[in-house]
Amino acid sequence: MRGVGQVPVRLAREIDGFVLNRLQAVLLAEALSLVAQGIVTPQGLDDTIAHGLGRRWALLGPLATINLNAPGGIADYLDRYGPTMARLSNGAARGEAFPV
């Protein structure tokens with residue numbers, strides 16, 4: 001895989017679907033919800049990902065990013081933003097839109 005420019009990732013156990021597709025599905029579900037609620041236009045949503053999250057994650061993954069977003073690294077980030085992120089993700093797990 002490395003010979004053709006891929007980066008293999010070993011999973012601890014087998015799961016349904018590819019890791020990337022599972023992450024993409026959650027992001028897409030929230031994106032569609034934000035557009036359906038009229039919170040953002042389709043173009044605004046695409047711009048947010050293409051010019052924000054996409055550029056950021058093209059260089060660093062989500063965990064490396066949050067490690068840099070708080071002075072004390074990941075633990076500090078989770079102390080600061082964990083409750084908010086938990087509230088948002090719990091709603092998403094129930095199929096609800098993120099609160100506004």
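Q: What should I know about the model before we start?
A: It is a predicted model, where local features need pLDDT of at least 70 and side-chain atom pairs count only at pLDDT 80 or more, while totals for chains, interfaces and linings use all residues. Residues are numbered from 1 along each chain as its sequence is written, and side-chain values use heavy atoms, with hydrogens and water left out.

Q: How much space lies in the largest pocket?
A: About 1400 Å³, taking a pocket as an open set of points on a 1 Å grid over the protein atoms alone, where a 1.4 Å probe fits, with protein on both sides within 12 Å along at least five of seven lines. The volume is the space filled by probe spheres set on the points.

Q: Switching topic, what is the volume of the second largest pocket?
A: About 290 Å³, and its lining includes Val7, Val9, Leu11 and Val19.

Q: Is Val7 buried or exposed?
A: Val7 counts as exposed because its relative accessibility is 63%, and exposed means over 50% with a 1.4 Å probe and protein chains only. Val7 sits in the segment before helix 1 (19–36).

How values were computed. Helix = DSSP H or I, 4+ residues; strand = E, 2+ residues; numbered from the N terminus. Buried < 20%, exposed > 50% of the residue type's maximum accessible area, 1.4 Å probe, protein only. 1 Å grid on protein atoms, 1.4 Å probe; cavity = no way out; pocket = protein on both sides within 12 Å on 5 of 7 lines; lining within 4 Å.
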